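Have the viewer open and follow along.

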Amino acid sequence: MTEECVAQRVQINGIVQGVGFRPFIYQLANQYNLKGEVANTSAGVAVHIEGPPTKIASFSKDISLKCPPLAHITEISLHDEPFEGFKDFTIVLSREQAVMATLISPDVSVCDDCRRELFDLSDRRFEYPFINCTNCGPRYTIINDIPYDRPKTSMKHFKMCPGCRAEYDDPANRRFHAQPNACAECGPHIELYDNTGQKVAAEKPLAKTAKLLKQGYIVALKGLGGFHLAVDAENGQAVEALRRRKHREEKPLALMSYDVECILRFARLRPEEEQLLISPQRPIVLVLKKEPHSISEQVAPGNLYFGVMLPYTPLHYLLLNYGFTALVMTSGNLSEEPICIDNDDAFKRLSGIADYFLIHNRDIYLRSDDSIARKTAGSTRFIRRSRGYVPVPVFLKRKIPSILACGAELKNTICLTKDNNAFLSQHIGDLENLETYDFFLLTIQHMQRILDIKPEIIAFDLHPDYLSTRYAREQQDIQKIQVQHHHAHIASAMAENQIDGSVIGLAFDGTGYGTDGNIWGGEVLVVDMEKYFRAAHFAYVPMPGSAAAIKEPWRMAVSYLYDAFGSDFYDLDLPLLNAIDLKKIKIMAEMVDKKVNSPLTSSLGRLFDGIAAICGIRYKVAFEGQAAMELEMLASDNVKDVYDYEWKTADGHQILTRPIICGVAKDVAQGIAPAVISCKFHQTLIRMFSDLCEVIRKENGLNRVVLSGGVFQNSLLLTGLINVLEKRKFKVFSHSKVPANDGGISLGQALVAAAVADKI
Ligand code: ZN
Ligand code: ZN
Ligand code: FE
């Protein structure tokens, strides 16, 4: 007996638009010979399906099982509907809907099918730099509003030719409703200009660009989320010129290579690093240099690692195919400013740096820098979470109110929440100039629009002078909740690991404003989402010159040495005392004595800096964290010894820096190699903090330890602490979805604010 036909409505929420979902449903319905229709709605994808109940059940099950690779379903619901007697299955145009819950896909690197066509002489898109399909191409950076349909993207200026239109309309085609679908005849195209704004006549602009790069010129390339500045990475002079003109003295530059084989010429790859490199998100991955290699020493001076990525747009593939081992691909900006996305803006801001401009006429609506990650202790660790990952939400354990969290000052990101999704923005940058602040404002508006979120609560840092704090204070008719920096760090790691309740939190970083007005950063906290207390921290030392002490680690070294030895430290045999003018050193000691411009800090970041300077590794830094990074990288790996360590118990545990500094200074004076000292220092921190965790476990009955803060970019410390804590039967949680540094702060602010609001 044949079953009676019924009708059901299937509502699918999650990342289901712009990822080939409707064609997938169409094909699935036809496979089961079911009738009805599918539509993108502002709430996701809705299917009206008619047929025998058993077939509908199998159909619904297959939706989760077989969904397209880029889709991410968060919710499927089924409801009975009146049977209408559809004759076939169709795809209907988008309709607006009251509740918007659709997740937008990130930009996706060119897929294998498109790449094959790109290099296929017989294909009509042979060498077309904007080839894409439902499984790949730009998304987040070209969307201006929802639902995700062509008129709401920067592709609205391009009318599809009959060939493209036919693909777009054909449910069986892999470009069915691919919104950025285009070809050389109807779509965006590239043009080459020199830096005076003169168009360069070239039959093949890409071939010409490759030639210019080989001749050592600097080319500004318009990409997916913004401009890159490119040079041939094997050309030392070109790399040097780029550094000089960009005012970027020592910070490593990112590389892009055609494939893994090219990368193996200059780097070692572990299998998990190769996996990350070829993933559709295509982040920059930190990989160990392989000596000897032909890449210019100027690319990552004094560094054991290269930051390298594979091509992620068809344009990159075409360009890299001209036989480069690697191109330097650094963000197209003057240092500290946001990356350029607009053609006119790029000419204005980059003409002092680039010799040529390879531009195109597909607008970028929202900039998105390259993401940076590495593999440590078996997991992906983000240094910057941006292109390829944003705006995929961090899925939370429970639903929370809509909150806008404004982030920290450096490496700023913002976070918007809705239900059990936390949307972290792309990397915005250091909120220290007007351009970055404008980008901060733009991102807030843009994300609120495309995610349809109207926040009820605004969360922000305690620091009174941050631009983000001022912004938050200016907002009207919204509940305001301030969150301490290190509380937010630990909360961000708790959020991504979906844990709540009380934990021991190790929050280690450079700078965060404390409730006592001092600069915190070496904090052992007992945290629950809505509150925390400071169980232990480094004893305060002065930072002579305040911000100058961050740029000049020798000042911190003087402060620690003076604290440990008093005036006797002048008699120590330390390279620092020869390298820095004694008069200057004495001024620092005087500033400390007289408490002039010398705020107090408990920062572990500063302790790393100070020890790097005492070892004579680095007295001044060109970028944040440089001294600490160099200290980590030169550590030998076979020292088991530790320095003496000690804490006083009064008002929590105060960890003294004195015994560690004394031990280090003695070793330096005795001519012990910095590699040994560095390793011994790392071992000291690992043993000392695991001992402290044991004490706090006894005091508070807590067994879970959460690690967060920028210092955990140090893989020696991260790996060592995880190992030792786990051996001592702690449950350890760290970051693998958002950065441990201040790029993850906004997530934690949002979660703390939600918990605080719950209690009010
Ligand atoms: Zn594709
Ligand atoms: Zn076309
Ligand atoms: Fe921080």
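This is a predicted model: local features need pLDDT of at least 70, side-chain atom pairs count only at pLDDT 80 or more; totals for chains, interfaces and linings use all residues.

## Aromatic pairs

The structure has 17 aromatic pairs. One of them joins Y258 and Y317, with ring centres 5.5 Å apart and planes at 90°, an edge-to-face pair. This pair bridges distant parts of the chain: Y258 comes from the loop between β10 (254-256) and α7 (260-264), while Y317 belongs to helix α9 (residues 314-320), 59 residues apart. How accessible are the two partners? Y258 has a relative accessible area of 21%, so it counts as partly exposed, while Y317 is down at 3% and is buried.

Y562 and F569 also make an edge-to-face pair, because their planes meet at 70° with the centres 6.3 Å apart. Here both residues are buried. For a group beyond a simple pair, look at F508, F538, F689 and F712, which form one aromatic cluster.

Start with the zinc ion (ligand 1). Its coordinating atoms are the SG atoms of C111, C114, C133 and C136, at 2.3 Å. The angles among these 4 donor atoms run from 104 to 118°, and the site is tetrahedral. For reference, the ideal angle for four tetrahedral donors is 109.5 degrees. Along the sequence the donor residues read C-x2-C-x18-C-x2-C. C133 is buried at 0% relative accessible area, and C136 is buried as well, also with a value of 0%.

Now move on to the zinc ion (ligand 2). This one is held by the SG atoms of C161, C164, C183 and C186, which lie 2.2 to 2.3 Å away. Its 4 donor atoms subtend angles of 104 to 117°, so the arrangement is tetrahedral. The spacing of the donor residues of ligand 2 is C-x2-C-x18-C-x2-C. C164 sits in helix α4 (residues 162-169) and C186 in the loop between α4 and β7 (190-194), so the pair ties together parts 22 residues apart in sequence. C164 is buried with a relative accessible area of 0%, and C186 is buried too, at 12%.

## The iron site

Which residues hold the iron ion (ligand 3)? Its protein donors are H485 (NE2), H489 (NE2), D509 (OD) and D742 (OD), at 2.0 to 2.2 Å. The geometry is irregular, with angles of 87 to 170° among the 4 donor atoms. Water is not among the atoms, so a site like this may look incomplete.

In sequence the donors of the iron ion are spaced H-x3-H-x19-D-x232-D. H485, in helix α13 (residues 485-496), and D742, in the loop between β30 (731-733) and α23 (745-759), are 257 residues apart, so this pair links distant parts of the chain. H485 is buried at 0% relative accessibility, and D742 is buried at 12%.

## The chain as a whole

Stepping back, the chain has 23 helices and 30 strands. Its radius of gyration is 28 Å, close to the 27 Å given by the globule rule for 760 residues, so the chain is as compact as a globular protein of that length. The C-alpha trace spans about 95 × 65 × 50 Å along its principal axes, and buried residues account for 61% of the 760 residues.

The domain assignment gives domain 1 (6-104), domain 2 (112-169), domain 3 (190-360) and domain 4 (401-541 + 602-613 + 625-654 + 681-760). Taken over C-alpha atoms, the centres of domain 1 and domain 4 are 41 Å apart.

## One more spot

Finally, look at M633, which is found in helix α19 (residues 626-633). M633 is buried, with a relative accessible area of 14%. Its C-alpha atom is separated by 8.9 Å from that of S678, 45 residues apart from M633 along the chain.

How values were computed. Residues are numbered from 1 along each chain as its sequence is written. Chains are lettered from A and ligands numbered from 1 in the order in which they are written. Side-chain values use heavy atoms; hydrogens and water are left out. Donors are N, O and S atoms within 2.8 Å of the metal (3.2 Å for Na, K and Ca); water is not among the atoms, so sites may look incomplete. Four donors count as tetrahedral if all angles lie between 85 and 135 degrees; four count as square planar and six as octahedral if opposite donors are over 155 degrees apart and all others between 65 and 115; anything else is irregular. Buried means under 20% relative accessible area, exposed over 50%, partly exposed in between (1.4 Å probe, protein chains only). Rings of Phe, Tyr and Trp (its six-membered ring) pair if their centres lie within 6.5 Å; planes under 30 degrees apart count as stacked, over 60 as edge-to-face and the rest as tilted. Helices (H or I, at least four residues) and strands (E, at least two) are DSSP runs, numbered from the N terminus. Domain bounds come from an automatic or database domain assignment. The radius of gyration is taken over C-alpha atoms; the globule rule is 2.2 Å times the number of residues to the power 0.38.
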